[in-house]
Amino acid sequence: MKFTQVLTGVLASATLSVSAAADTTLLNVSYDPTRELYQEYNAAFIKYWKGKTNETLVINQSHAGSGKQARAVIDGQDADVVTLALAYDINALAEKKILPEDWQKRLPQNSSPYTSTIVFLVRKGNPKQIKDWNDLAKPGVGIVTPNPKTSGGARWNYLAAWAYALAQPGGNDAKAREFVGQIFKNVKVLDSGARGSTTSFVERGIGDVLLAWENEAFLAIKELGPDKFDIVTPSLSILAEPPVTVVDKVVDKRGTRKVSEAYLEYLYSPEGQEIAAKHYYRPRDEKIAAKYAGQFGKVNLITIDGVFGGWNKAQKEHFSDGGIFDQLYDNRK
Amino acid sequence: MTGFVMQPDSPPSVRTPTRATTEPLWVRVVLIGVAFAFFAVFLLIPLAAVFIEALKKGWDTYANSISTPDSISAIKLTLVVAAISVPLNLVFGVAAAWSVAKFEFRGKQFLISLIDLPFSVSPVISGLIYVLIFGAQSRFGQALRELDIRVLFAVPGIVLATIFVTFPFVARELIPLMQAQGNDEEEAAVMLGAGGFTTFFRVTLPNIKWGLMYGIILCNARAMGEFGAVSVVSGHIRGLTNTIPLHVEILYNEYNFVPAFAVASLLAILALLTLCVKSFIEWRRGDLEA
């Protein structure tokens with residue numbers, strides 16, 4: 001008897017603490033490196049929304065590898081909005097009819113309120129003299145990158161290397177393939193997500209260079225000390241556009257469409273842009289971009305649509321089962 | 001007994017055992033040394049490291065990192081999950097052990113293998129099983145969604161995965177014990193006119209008391225510490241579906257090393273407590289059997 005009383009007590013308090021807190025809750029399902037960004041942005045948006053509508057919001061966050069998160073939403077994770085690493089992962093949701101095919105046209109600039117690119121994080125003083133992509137293919141250089149099969153960031157890494165090889169004089173697909181194969185021969189660890197790779201390089205001290213999101217590289221330096229690492233911006237890299245969208249099936253069921261849309265639109269406002277820039281994402285807003293221009297290295301950015309004909313095509317050619325990445329990785333020994 | 005065998009006329013100064021009954025000194029030193037070194041490297045140093053890291057910035061930081069809303073919700077959730085899954089597994093485990101140990105029936109071996117299944121399956125797979133059953137892509141999952149019942153990425157899913165993973169602990173502990181005790185006492189009770197429930201509560205249960213406690217403690221430790229299966233079904237929503245182990249991973253990945261170790265130290269303390277209670281139970285059990 002006593003025990004059941006205790007149990008019901010515990011259960012009741014648990015359900016109460018979950019449900020009593022707020023008027024509306026939103027769930028933002030995001031990828032790995034955006035944790036700090038959305039922590040600050042959520043606080044700003046809650047304040048803005050309270051001022052505008054007098055409604056109290058609670059915004060919950062979930063973070064993991066981009067592909068894994070898309071999978072969770074497909075399996076029924078009730079995300080009001082998704083803010084993932086690449087359009088391909090949201091396309092996967094569209095394929096399951098969770099949101100419409102033309103989702104990427106619903107917000108300005110390919111639904112990517114901020115951009116990023118791929119840079120190199122090297123050990124202080126750059127002992128291996130890594131300056132550009134071709135230095136990565138040299139023997140004896142230890143590379144850390146996440147696995148392109150599971151990590152959005154890693155796919156950008158891989159495609160940036162490919163695009164660099166194409167842009168060299170006399171570059172073609174065969175040469176690019178050989179070049180990227182050589183780079184992957186130098187890879188020491190393939191972690192499943194971007195944050196795991198950073199930890200391997202920074203905490204466990206593996207490898208000479210980490211291929212990382214620009215924001216992730218800056219964050220590692222900020223958190224762990226500028227005396228330990230340097231950022232190297234290669235001559236050419238890829239314009240990474242991490243897209244955001246509301247999840248139609250969920251917001252329509254929960255009745256949260258209006259606030260979810262406002263949440264994403266506010267990312268484009270000066271305040272949202274400023275927060276993104278503060279967390280080392282490249283802002284779209286030109287004024288804010290000018291303000292933070294000194295923070296980011298100058299780099300020639302190519303786009304996925306321009307060089308690879310969009311994500312669906314790139315994904316199919318390079319990262320599907322038995323695709324070019326699989327062939328290269330199997331042959332590297 | 002060998003320790004007491006002494007030659008009656010040997011002088012008291014000759015106390016070292018003879019060559020025939022013991023290993024040479026260096027072998028003993030090396031063996032014991034290796035055992036201790038292994039113990040220190042693999043258990044003591046990591047355990048100490050958890051507490052040293054957790055207290056690196058002093059008590060205040062330690063207390064603060066344990067009492068953030070996210071940490072408290074993780075602790076609460078872990079307690080709730082254990083409070084549901086351990087009693088259920090207690091009932092299931094006793095029922096399973098009782099039927100296996102006290103009765104003969106067809107398919108008994110099969111039942112025993114089923115009980116062992118969660119031990120032989122990787123926890124990640126245990127979690128994925130529930131994603132396949134309750135996920136929005138399955139028909140059953142879809143039906144539940146229509147009824148607005150959330151299993152996956154919510155507390156029920158975490159409880160289910162935990163129950164699955166911790167199922168064998170109680171049953172595995174009880175089966176050999178009950179088999180060794182045989183049916184004699186129960187038969188006597190029934191002959192004297194006791195009913196099924198009386199027999200169980202007044203004869204069987206007192207006999208398996210200590211073994212049962214031991215099983216519950218192991219079950220509880222695993223229920224609170226489970227990572228793999230829970231990670232798959234949790235959805236990682238901070239403040240809502242993160243248990244202590246998941247919360248530790250998140251903190252660590254956010255470069256919050258001290259809070260990560262502070263929260264991890266809670267699990268370490270739980271492990272030490274478990275060890276103490278376990279030793280106590282073993283000691284009581286030894287006492288009773290002697």
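Colleague: What makes you say that helix 8 of chain A lies across strand 6 and strand 7 of chain A?

Modeller: This is a predicted model. Contact needs heavy atoms within 4.5 Å, and helix 8 (residues 173-185) of chain A lies across strand 6 (143-146) and strand 7 of chain A. Its direction runs at about 85 degrees to strand 7 of chain A. Helix 9 of chain A lies across strand 5, strand 6, strand 7, strand 8 and strand 9 of chain A, at about 160 degrees to strand 6 of chain A.

Colleague: Which strands form that open sheet of chain A, and in what order?

Modeller: Five strands of chain A form it, in the order 7-6-8-5-9, with mixed pairing. Strand 7 (187-191) and strand 9 (229-232) of chain A each have a single partner strand, so one side of each has no neighbour in the sheet, and these two stand at the edges. From one strand to the next the twist averages 30 degrees.

Colleague: How do you know that strand 5 and strand 8 of chain A are joined?

Modeller: Pairing requires at least two bridges. Strand 5 (residues 118-123) and strand 8 (residues 209-213) of chain A have five and run antiparallel, therefore they count as paired. In one of the bridges, A:Val119 has A:Ala212 of strand 8 as its partner.

Colleague: How many strands are in the open sheet with the order 2-1-3-11 in chain A?

Modeller: There are four, and the pairing is mixed. Strand 2 (57-63) and strand 11 (244-246) of chain A are the edge strands, each pairing on one side only. Strand 3 (residues 81-83) and strand 11 of chain A share three antiparallel bridges; at least two are required, so the pair qualifies.

Colleague: Why is the meeting of B:Arg150 and A:Asp78 called a salt bridge?

Modeller: The limit is 4 Å between a side-chain nitrogen of Lys or Arg and a carboxyl oxygen of Asp or Glu. For B:Arg150 and A:Asp78 the N to O value is 2.2 Å, so the pair passes. Between chain A and chain B the count is four salt bridges.

Colleague: Which helix of chain A gives the largest share of the side that touches chain B?

Modeller: Helix 1 of chain A does, with seven residues. That side divides into 12 nonpolar, nine polar and 12 charged residues.

Colleague: What area do chain A and chain B bury between them?

Modeller: About 2500 Å², 55% of it on carbon and sulfur atoms. In chain A, the residues that lose the most area to chain B are A:Arg35, A:Asp75 and A:Lys253, together 19% of what that side buries.

Conventions:
Residues numbered from 1 in each chain as written. Chains lettered and ligands numbered in written order. Predicted model: local features only at pLDDT ≥ 70, side-chain atom pairs only at ≥ 80, totals over all residues. Heavy atoms only, no water. Buried area = accessible area lost by both parts, 1.4 Å probe. Nonpolar A, V, L, I, M, F, W, Y, C, P; charged D, E, K, R; others polar. Axes fitted to C-alpha atoms, helices over the stretch in contact; angles between N-to-C directions.
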